[in-house]
Amino acid sequence: LVNKVVSHLVHAIRSKDSFFSSIERYSAGSYYERVKISEPNEFDIMLVMPVARIQLDESDDTGAYYYVSFKRSPKEKGWLKFLEEDGKLSAFKMLEALREIIKQEVKNIKDVEVTMARKKAGSPAITLQIKNPSPEISVDIILTLEAQHSWPRSTQEGLKIEQWLGKKVRRDLRFRSLYLVSKQNKREKVLRGNTWRLSFSHIEKHMIHNHGNSKTCCESDGPKCCRKGCLKLLKYLLEQLKIKYPKELEKFCSYHVKTAFLHSCVTWPNDSDWHLGDLDHCFQQCLRFFVDCLQKSQLTHFFIPQYNLFSLEDKARHHFLSRKISHELNNGFPVFHE
C-alpha cells in the first residue's frame, strides 16, 4: 500500500516540475532496517535530490546543522528560485514547493484514502496518512540532498567502529555520499528555515544490516547474534513508556535508543558478546548504558562527537525516564505485560 502511494507521488513529482525530475526514493527508518516492532504503521521515505559543488557552513556549534550554498552558479537554473538573497539554499522554500505538488497529487490517487497531515512546527517531514485499512498508516516524506562531498570536520572523530566492524569498513563508509535533510535549527536567533541537518540514515541502515564483527554473523548458515533483538526491545520499551507517560516523554524518540545501541555495539564489539541465547543479559546491558546516559544528560551523537543529543535544559525529563527504566529493569519489565 505504501509503495503504491509513494511510487505514484514520485512519478508525479518528477513530471510536474522538471527541477525535481532527478528525485529518487530511499527507504530509511526501522521498518527497512528490519527492526520495526508492533504494527508496521509508520514509514520514513527520503526523497533524495542530487546536488553538485556545494559549500557547507556550520550554523551553530553542534556540528550537525549547516547552511548550503553553491560554489558556482548551478548548471540547473531551477535551483535559483530556492536561494535566499545571501545565496543560501532555503530548505523551507524547497519543502513548500514539494508539499504543494504532493498536496495536489494525493487527490489523484485511486483506491486508497490518503490525506496530508497538518504541518508540524520544526518537523522536516511531509506526513501522509493512509486511512484504510485501519489502523491508520503514517508516511513521513523527508526532503534530502545528496552531495558527493567529503564529510565535514565535525564527523572526523565519530563513527568509532574500528574494533567492531573494522578500519576498512569505516574508511569505505566515510567515502559514501553526504545526506542533508531539511531541518529547522531551533538555536537560530531568527528562524529562517534555511538550515540543513546532516543525516546518516543510509550508513545506519548499512551497519544494522551488516552488524557482525565476523562477516558471517547472522548469515543463513552463520552463527546468530541478538543485536537486532536488543534494538527491537529497546525501541519497544521506549514506545510502551511513551504511551504510558506521553507528556513527560514527548521529547524522546527511537533515535535516542538507536544511538545508545550503536554505542553499545562499539563498547562490546565481538560477536561472542552478543550470543543469541544471551538476549536478556545483552538487552539489560544496553539499557544500563542508556540509563547512565540519561543520568548524565549526555548522549553523544554517533557520527558527530561534539553534538549531545540530550539538551541540558531537559535534565528533569532525563531523570524521569531513567527512574522509569530502572523500575522496569528491577521488576521484570511490568510494562511488557500490561
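Analyst: I126 is buried, with a relative accessible area of 0%, where buried means under 20% relative accessible area, exposed means over 50%, and partly exposed lies in between, using a 1.4 Å probe and protein chains only. This is a predicted model, in which local features need pLDDT of at least 70 and side-chain atom pairs count only at pLDDT 80 or more, whereas totals for chains, interfaces and linings use all residues. Residues are numbered from 1 along each chain as its sequence is written, and side-chain values use heavy atoms, with hydrogens and water left out.

I126 belongs to strand 6, which covers residues 125-130; helices (H or I, at least four residues) and strands (E, at least two) are DSSP runs numbered from the N terminus. Once its neighbours within four places in sequence are set aside, I126 is in contact with L95, L98, R99, I102, M116, V139, D140 and I141, contact being heavy atoms within 4.5 Å.

The protein chain contains eight helices and nine strands. Its radius of gyration is 21 Å, close to the 20 Å that the globule rule gives for 338 residues, so the chain is as compact as a globular protein of that length; the radius is taken over C-alpha atoms, and the rule is 2.2 Å times the number of residues to the power 0.38. Along its principal axes, the C-alpha trace spans about 60 × 45 × 45 Å. Among contacts between residues at least 6 apart in sequence, 64% join residues at least 24 apart. The chain exposes about 16,800 Å², and carbon and sulfur atoms supply 50% of that area, as computed by the Shrake-Rupley method with a 1.4 Å probe, with only the protein chains shown counting as cover for residues.

Rings of Phe, Tyr and Trp (its six-membered ring) pair if their centres lie within 6.5 Å, and planes under 30 degrees apart count as stacked, over 60 as edge-to-face and the rest as tilted. By this rule there are 18 aromatic pairs. In one of them, the rings of F19 and F20 have centres 5.0 Å apart and planes at 65°, so the pair is edge-to-face. F19 and F20 are both buried. In another, the rings of F252 and F310 have centres 6.0 Å apart and planes at 85°, so this pair is edge-to-face. F252 lies in the loop between helix 5 (227-244) and helix 6 (254-267), and F310 in the loop between helix 7 (279-296) and helix 8 (315-330), so the pair ties together parts that are 58 residues apart in sequence. Both F252 and F310 are buried.

The charged end of K88 sits over the ring of Y67, 4.5 Å from its centre, while that of K205 sits over the ring of Y26, 4.7 Å from its centre.

Some loop residues deserve a careful look at their backbone. Most residues other than glycine have a negative phi. D111, however, has a positive phi near 60°; D111 sits in the loop between helix 2 (91-105) and strand 5 (114-116), and its 77% relative accessibility makes it exposed. C218 also has a positive phi, near 65°, and is found in the loop between helix 4 (201-209) and helix 5. With 31% relative accessibility, C218 counts as partly exposed. Residues up to four places away in sequence aside, C218 touches H211, P223, K224 and C225.

Finally, the UniProt annotation "domain: Mab-21-like HhH/H2TH-like", from an unreviewed entry, covers residues 226-326; its positions are given in the numbering used here, feature names are shortened, and annotations may be inferred rather than shown by experiment. In the model, this span is 61% helix and 0% strand, with its end C-alpha atoms 22 Å apart.

Definitions and conventions
A charge sits over a ring if NZ of Lys or CZ of Arg is within 6 Å of the ring centre and within 35 degrees of the ring normal.
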